[in-house]
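Reader: Please take a close look at the aromatic rings here. Keep it brisk.

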Amino acid sequence: MEQLNLPTYSFKIKTDGQRKLIFDTIRKKYIALTPEEWVRQNFIRFLNEAKNYPLSLMAVELHQKIFKSVRRSDILVFNNSGEPFMIVECKAPGIRLDNKVFEQAAGYNVQFKTNYLVVTNGLQHFCCLLNHDAGTWEFLKDIPDYWEAKNW
C-alpha cells in the first residue's frame, strides 16, 4: 500500500482469495484492505500510539441516522464520560481534501457536536476546533494529544 504521511506501523494483513484483508483492532475482525481502509487503520494507530487516544474510546464506522439517510462516520472518539469528542473523516490518498469532504464530515457532526473535526487522506491532515455555542471553528496546526484535547 501507499506510503502515508504518518509514522510507519505494522499490521496483520492476509489474503482471502483475490482480496487483501487488514485486521481492525477496534472492530476485532479482518476488513477489506482498500486505500481508504489503509488510511483509517494507520490513523487509528497514529491517534493511539502518537497522540495517546485510548482504543477503548474509539468507534469505527458508527451508523447514524442523519435526516432520512443512514451514514457511517469513519472514526468517532469519545471522552471518558462517553460523549462524542472527535470525529475523523478518512479518504483514500488519491482523494483531494476539498470543501465537499469538509461538508461531509461536518454533516456527520450535526448529530454528535464534537469539539474536534479531523479530515485526512493519509497525506494531509486537517484538524478544526469547533465552538458550537459561538458557531465558530479554528484550524489547528496539529492534532492535539489526548491529554491536551480532553480538557476542552
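Which residues do ring pairs link into a cluster?

Author: Ring pairs join Tyr53, Phe85, Tyr116, Tyr146 and Trp147 into a cluster. This is a predicted model: local features need pLDDT of at least 70, side-chain atom pairs count only at pLDDT 80 or more, and totals for chains, interfaces and linings use all residues. Residues are numbered from 1 along each chain as its sequence is written, and side-chain values use heavy atoms, with hydrogens and water left out.

Rings of Phe, Tyr and Trp (its six-membered ring) pair if their centres lie within 6.5 Å; planes under 30 degrees apart count as stacked, over 60 as edge-to-face and the rest as tilted. The structure holds 12 aromatic pairs. One of them is Phe23 with Tyr30: the centres are 5.2 Å apart and the planes stand at 70°, so this pair is edge-to-face. Phe23 is partly exposed at 22% relative accessibility (buried means under 20% relative accessible area, exposed over 50%, partly exposed in between, with a 1.4 Å probe and protein chains only). Tyr30 is partly exposed too, at 32%.

Phe102 and Phe139 also pair edge-to-face, at 5.9 Å centre to centre and 80° between the planes. Phe102 lies in helix α2 (residues 99–112) and Phe139 in strand β9 (residues 136–140), so the pair ties together parts that are 37 residues apart in sequence. Helices (H or I, at least four residues) and strands (E, at least two) are DSSP runs, numbered from the N terminus. Phe102 is buried at 17%; Phe139 is partly exposed at 40%.

Now the charges. The charged end of Lys14 sits over the Tyr30 ring, 4.3 Å from its centre. A charge sits over a ring if NZ of Lys or CZ of Arg is within 6 Å of the ring centre and within 35 degrees of the ring normal.
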